[in-house]
Amino acid sequence: MPDQDPVLKMKKLRSTLGDAVATIEQSAPYGAVLLSYNQGLQIYVDNRQETVSEHDPTAGTVLTAFDGRTMRERALGGFDQQAILRGAKELASEGGFVKKQLVDPGPERKGDFRTPMKIDPSKMTTKEKLEKLRELNARVNKLDERIVNVRIIYREVSQNTIFGNRVADLAQDIQRVMIYVYAFTSGEKGIRFDWKSRHASAGWEALNFSDDDLQDLVEKAVGLHSAERIEPGEYNVITSPSVSGVIAHESFGHGVETDMFIKDRARAESYLNKRVGSPLVDIWDDPSLPGEFGSYFFDDEGFAAVPTQIVKAGIFQRGITDMYSATALGIPRSANGRRQDFSRKVYARMSNTFFGRGETPVDELMKQAEDGIFLAKMSSGMEDPKGWGIQVTCHYGQEIKGGKPTGRMFAPVVITGYVPDLLESVTGVGKDLELGGGFCGKGYKETALVSSGGPHMLMKARLS
Amino acid sequence: MLNAILQSLRARDDLKAWSVRHIQTRGAQQYDLHTSTESKRSVENERFVVNVLRETPGPDGAPTCGASTVTILPGGDIDSALDSASLMAGLVHNQPYDFPSPAPMPEVQLVDKSLDADPASSAGGTLSTLKEVASDNAQVRLTAGESFAEKETVHLVSSSGIDAVQESTKLDMEWVFIAGEGEQEVEAFAQMNRRRAEDLRLEMEAGRRVQQAADLLLAGPPPTHKGPVVFRGATLAAALNTGVLQTLSAASMKYTGETQWEIGKPIFREEVKGDPLNVWANRRLAYGVGSNRFDAEGIPAQRVELIRDNVLVAFWASQRFAEYLDIPATGRFGDIELAPGPTPAQELLSIPHVEIVEFSWFNPDTITGDFSCEIRLGYVVDGEKRTPFKGGMLVGNLLDALANVRWSSETGFFGNYLGPTTALFNELTVVGGN
């Protein structure tokens with residue numbers, strides 16, 4: 001029934017949000033309303049089972065009152081006009097707002113935005129999607145008899161947002177898709193696995209795997225049975241785009257989220273306009289990149305998506321901000337005010353974070369490395385903005401001898417070190433550029449969909 | 001609305017089984033910065049999670065089953081959601097199984113009454129305690145604190161006759177102590193979650209973090225060490241909740257061939273040189289964060305013996321995988337419980353060792369158990385002398401480490417873990433900076 005559709009409810013409420021904002025601003029210097037609805041589909045196919053389910057939806061309204069010092073919010077499940085107006089009145093009646101403080105609502109802006117897609121998931125039937133995933137499962141299974149399971153995980157997430165303050169009236173419909181293909185193989189040492197994935201703000205056109213991709217997946221899952229533990233030490237390292245991306249994300253991504261500045265948790269704060277890496281190092285955060293998993297048109301505070309250059313030629317330029325931290329620090333906004341969903345507050349969060357591309361062909365980087373380790377596949381990372389330590393866990397690494405991979409594998413391989421030392425050691429940056437999507441937490445919670453990446457890079461790193 | 005959903009489900013003849021969980025949450029969140037409050041939020045949410053099971057003849061005509069889950073929000077279109085669930089379930093072809101039958105639900109202590117009565121006061125109260133600790137310790141300053149207090153009520157009704165309610169509370173906290181000045185500043189970051197405020201033991205825990213921050217200021221470079229390594233308290237609890245034992249003892253993983261553990265066989269690949277390992281998956285642990293009266297399927301809380309004297313005695317299993325493997329259904333894993341060892345902690349700690357108290361992230365591979373993790377704070381301990389260090393890596397394999405460990409006779413509760421307070425791993429490797 002149309003009147004029960006959350007998206008239609010949101011659209012119907014849109015014209016009334018100004019009333020709620022005006023009510024809040026009777027007492028508070030700044031008021032805003034966010035309507036947020038996230039929903040989707042997930043399909044899981046492996047050799048012995050399948051499931052098809054909705055992605056657990058969230059739908060709710062956030063009423064915000066801000067006086068430049070304290071951000072007060074009411075988070076209400078669903079989209080109910082009476083509840084919104086009641087919540088706005090309650091917020092306004094709390095009192096105690098600092099009225100002298102001016103809070104900039106940003107420039108006047110209006111717009112409706114939608115992810116461009118060639119193959120819109122909403123236009124495909126669930127059966128069609130399931131059949132394609134079964135075909136993918138079968139394609140992998142026939143590649144090697146040591147495979148004990150092939151697991152396909154597909155997820156599509158639709159994020160509908162309407163934002164209003166006294167000068168903004170914005171709506172966006174973001175469609176994200178992702179797919180993971182895991183191959184589990186059996187051998188003398190037990191079970192070993194590898195995976196390949198695709199993530200995009202797009203439709204199904206972004207989810208293709210070539211035969212070579214799948215062959216490589218299975219070869220790695222089999223090859224890991226003979227992988228060794230690496231001798232700890234410092235190595236010449238070539239990072240793949242996925243590993244480069246995690247280094248960018250953990251070092252000058254989390255480390256420059258400016259809510260960390262006001263908590264005195266970020267060493268980067270005292271390195272503004274100072275050298276933090278080799279002159280070859282550029283780092284960006286850009287939510288406006290078309291098609292990337294962490295992209296959006298405006299953030300959860302209604303700030304339009306624009307690129308932010310964080311590091312330029314090795315010099316730290318600026319952090320990424322949400323409204324609270326930008327106001328508290330007196331620094332310009334960037335489009336990085338994001339919340340997990342309506343039930344959580346906004347923090348300064350990354351979108352698409354990556355090293356800028358260089359000029360060196362990847363083959364040339366390999367030659368320059370001569371002897372070292374090629375880190376092809378990341379599995380996780382952890383930030384340390386205060387200590388500027390870094391831990392990047394790679395699923396495996398491959399030996400390089402004489403500028404060429406030898407086929408010898410090590411697993412797992414972990415990069416650790418001091419962030420400026422690692423970035424200062426960069427002596428080559430590939431002319432390729434690739435981003436991959438994933439899930440990012442703030443500490444141990446607050447999940448956000450992001451991407452990270454960059455080119456292949458040559459550096460020195462401590463591995464264990 | 002629950003009644004309307006039940007009415008619609010009962011009227012359908014295309015479903016083999018179904019269940020509905022009506023989940024209501026209400027809570028308060030407070031975010032403090034230094035001595036002021038950055039944000040205060042009140043949060044309410046309600047949803048209905050519907051699981052359906054259909055018989056779906058497979059391509060060869062053999063009987064198969066398909067399950068699906070949809071979530072209906074208040075005011076949502078019930079019939080459309082149930083049609084969608086039925087359609088999705090009808091598309092998949094799994095080996096037949098059923099949803100759980102009714103069984104007596106145990107009473108498990110899950111509610112902090114003060115939090116239930118006033119979540120905002122609970123959230124604010126914990127942050128006040130932190131401020132008091134910080135004001136009593138001049139060497140640190142509290143720069144950030146977050147506290148979430150939430151009450152959850154779940155009412156589960158199923159086609160098989162389950163009709164049960166459970167109430168629970170939880171407190172999620174994190175905070176930052178900064179010590180030192182300028183380039184020498186260090187932080188002690190803490191993250192905790194418990195069902196009851198008193199189980200946070202906040203004054204003691206905050207005091208521990210104050211000490212850590214102070215020690216970080218004095219910390220030297222990491223040693224290179226091969227030998228005894230100690231984990232205690234929350235560090236040990238976190239290491240045992242990284243998913244290795246949970247993954248390899250899962251019936252779902254056995255069914256797909258991703259674990260090679262077998263009932264009646266030792267879980268270790270090498271000779272056991274330390275104390276025997278005895279493990280339970282426990283959902284009955286009072287105020288355990290993984291505890292409940294019943295899980296999402298409606299399987300009553302149990303304390304399941306998984307590993308006895310290093311031998312796997314059971315897999316933990318949902319109804320579906322229990323039927324597939326013809327083993328008892330235990331429900332979700334819940335919290336992990338380990339049997340105590342024979343040795344007092346004091347005796348274990350008298351051996352010269354390295355103690356690790358903080359990692360960047362202790363994240364072993366859940367299939368192989370291999371790990372290599374950066375150390376944020378450790379100590380070289382020799383008798384009464386504790387020399388702090390930071391950096392370096394702990395390298396090893398969790399399963400091999402558990403085959404060569406001595407457990408303390410004292411036990412403690414750390415939210416998601418009940419067991420020995422101290423573990424002395426006889427042979428682990430710390431890789432120093434050089």
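## A tour of the predicted model, from sheet to pocket

Select E337(B) to begin: its bridge partner is L418(B), which belongs to strand 18 of chain B. The model on display is a predicted one.

**The sheet of chain B**

Strand 11 (residues 335-338) and strand 18 (residues 417-420) of chain B run parallel and are joined by two bridges. Next, display the whole open sheet of chain B, whose six strands follow the order 10-9-8-11-18-17 with mixed pairing. At its edges are strand 10 (311-312) and strand 17 (411-413) of chain B, each of which pairs on one side only.

**The domains of chain B**

Colour chain B by domain: domain 1 covers 2-216 and domain 2 covers 219-431. In the contact between them, domain 1 of chain B takes part with 36 residues and domain 2 of chain B with 35 residues. Over C-alpha atoms, the centres of these two domains of chain B are separated by 24 Å.

**The sheet of chain A**

Move to chain A and select W284(A), whose bridge partner is F354(A) in strand 14 of chain A. The strands to show here are strand 9 (residues 283-285) and strand 14 (residues 352-355) of chain A, which pair in the antiparallel sense over three bridges. Widening the view brings in an open sheet of six strands in chain A, ordered 11-10-9-14-21-20, with mixed pairing. Strand 11 (315-316) and strand 20 (434-442) of chain A each have a single partner strand, so one side of each has no neighbour in the sheet.

**Between the domains of chain A**

Colour chain A by its assigned domains, domain 1 (2-226) and domain 2 (233-463). Their C-alpha centres lie 22 Å apart. Contact between them involves 48 residues of domain 1 of chain A and 34 residues of domain 2 of chain A.

To find it, select A32(A), T64(A), D300(A), E301(A) and R339(A), which lie nearest its centre among the 14 lining residues. The space inside is about 100 Å³. Strands 1, 2 and 3 of chain A each give two or more residues to this lining, and strand 1 of chain A gives the most, with four residues. By class, the lining of the largest cavity has nine nonpolar, one polar and four charged residues.

**The second largest pocket**

Which elements of chain B supply at least two residues of its lining? They are strand 3 (65-72) and helix 2 (78-91) of chain B, and elements of chain A that do likewise include helix 1 (6-14) and helix 4 (126-141). Helix 2 of chain B provides the largest share of the lining, five residues. In the lining of the second largest pocket, 17 residues are nonpolar, 15 polar and 10 charged.

Conventions
Residues are numbered from 1 along each chain as its sequence is written. Chains are lettered from A and ligands numbered from 1 in the order in which they are written. This is a predicted model: local features need pLDDT of at least 70, side-chain atom pairs count only at pLDDT 80 or more; totals for chains, interfaces and linings use all residues. Side-chain values use heavy atoms; hydrogens and water are left out. Ala, Val, Leu, Ile, Met, Phe, Trp, Tyr, Cys and Pro count as nonpolar, Asp, Glu, Lys and Arg as charged, and the others, Gly among them, as polar. Two strands pair if DSSP finds at least two bridges between them. Domain bounds come from an automatic or database domain assignment. Contact means heavy atoms within 4.5 Å. On a 1 Å grid over the protein atoms alone, a cavity is a set of points where a 1.4 Å probe fits but cannot get out, and a pocket is an open set with protein on both sides within 12 Å along at least five of seven lines; lining residues have an atom within 4 Å of a point. Grid points are joined across faces, edges and corners, and a volume is the space filled by probe spheres set on the points.
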